[in-house]
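Please look through the sequence and the 3D structure shown below, and then read the notes that follow, which are grouped by topic.

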Amino acid sequence: MNETPILADPKALTLEKITSLDGLIILVVKTTQQKALCPSCHQPSSRIHSHYQRQVADLPWQGTRVRMQLLTRKFFCLEVNCPQRIFCERIGSVVAAYARQTIRLNDSLRLIGMMLGGQAGTFLAKRLGMPISGDTLLRRIRQSLLPDNPTPRVLGVDDWAFQKGHRYGTLLVDLERHRPVDLLPDRESSTLANWLRQHPGVEIISRDRALFYAEAAREGAPDAVQVADRWHLLKNLGEAVERFVTRNQSILAPSAAKVTQCQLIEYANKLEPVSMLSSRNPSEVAQRREQRYARYCEVKKLYTQGVLQRDIARATGISEPTIRKYIRAENFPERAKVQLGSKLEPYIPYLHQRWVEGCENATQLWHEVKAKGYSGKIKMVERYVRRLRKQRKNFTLQQQRQFLQAQATFKLPNARRVARWLLKPSEQLKLEQQTFIKYVCDECPEFRTLQNLALSFQELIQQRQQADTLDEWLAQALGSQFLEMKNFALGIQQDYLAVAAALKYEWSNGQVEGQINKLKLIKRQMYGRAKLDLLKARMLHVF
Ligand SMILES: [Zn+2]
């Protein structure tokens, strides 16, 4: 780390005094040089005319603003022929002529502006003790010199949106050095052709499939090899598939409904039939029986001792009908077991399914099972639904999540998403997506044929197979029944050389997309209002 000295240039300046005033540090500074050069004739002079004070802002100290009071001299020019008679001395290493800020303060501000843009930069600079207005900060960025990039051998070209759908620009990237080289104000082929003519030496141009770039490359750099960008080829393929899906949209909704139904049934099948016996656990059941048995024995004992039923009831607190029941019973009367409603049992899977679908209304469910042949009472259904509800209360978190997932039905995907699923290896799809694709293809076998055709092109590009494989594929696609694939293949035929080059060369525009993301970020940081020169300065600047 290089250290910053207290004074901007210790060799040229000496510190006389430090004072502070209203949250401002003031350095009184003198120059050390004996002589000064006349700016017109560049001859030295040591004859002093007068002194004056220059106020120059410098880098802050720990967040406090610093102002230099620079004691400056005026000199007589001693050269007889010089038109300038008096001149002010200049300290080029510290501050530019007429400037109100030191060079190093300016550099810091420019760096902040480059990194953050006007608004955020102003905010940060103020916090750091370098207050500056947004406009001034932007002016600092504009003033900075653009780096002098060598002409790239391998050039990546892509467009980017000033304003989506309205205005586009062109980004040029040196693919070997991984650096943006230039930003063009539009995507006209003449603009790019001119740039290529002014920068001879480009050997390979990787570009998207737009015809204007192809034309520009032909005109501006006729010897350069054009490479169609593989990412854009696959994107175009995806768009062709999407158009096919859009044309056959009517298949999608029924298939999605089937997936939903499938999911619900699958989950409902996982639900155990709820026991109608008792909601209590077995030990509790046993304990209650024990208590009942003890009371039974007591009643029997008192009865054999000749106590009246009424008195037994008073002594034990048991109701008289129960006492009568106990007295009459030969053995201890066990609780009658409530069997799982045998009439309801065949309908339980159906109830589960409806339950998962969200129907909790017992009367509604009763009507439904009745229509399916249930001959039992509504009470049974009510009781079953009550038990289901109670069971759900005791669900673990995971069970609750599963339940909610089962209820969240499969959403009908749009054509773009379906196109993406068709082009993805099935192991990368979720189970429901796989099922959906399977239903769609079962419903309309053309989907499967088109998918295979598209996948083989995708493989061809991704694995960069031989050009004759491309020829075979083109023949197959042009002979196919799919309008969208035919058009796509025709487009490739028009750009055949560049597509074949995409199989041969490894160059691709992947990193250009990365640079475009960076550009978009800078653009948005400036609230989308940045002009080209600002974007260019921030985009091409080397830190
Ligand atoms: Zn002079």
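**A helix, a metal site and the domains**

Helix H12 (residues 378–393) has 16 residues, which at 1.5 Å a residue should span 22 Å, and its end C-alpha atoms are 23 Å apart, which agrees. Here the expected span is 1.5 Å times one less than the number of residues, and helices are DSSP runs of H or I with at least four residues, numbered from the N terminus. This is a predicted model, in which local features need pLDDT of at least 70 and side-chain atom pairs count only at pLDDT 80 or more, while totals for chains, interfaces and linings use all residues. Residues are numbered from 1 along each chain as its sequence is written, and side-chain values use heavy atoms, with hydrogens and water left out.

**Helix H12**

- Met380, Val381, Tyr384, Val385, Arg387 and Leu388 of H12 are buried, where buried means under 20% relative accessible area and exposed over 50%, with partly exposed in between (1.4 Å probe, protein chains only).

**Zinc site**

- Cys38, Cys41, Cys77 and Cys82 coordinate the zinc ion through their SG atoms at 2.2 to 2.4 Å, donors being N, O and S atoms within 2.8 Å of the metal (3.2 Å for Na, K and Ca).
- Along the chain, the donors follow the spacing C-x2-C-x35-C-x4-C.
- Cysteine 38 counts as buried because its relative accessibility is 0%.

**Domains**

- The C-alpha centres of domain 2 and domain 3 lie 27 Å apart, with domain bounds coming from an automatic or database domain assignment.

Conventions: Helix = DSSP H or I, 4+ residues; strand = E, 2+ residues; numbered from the N terminus.
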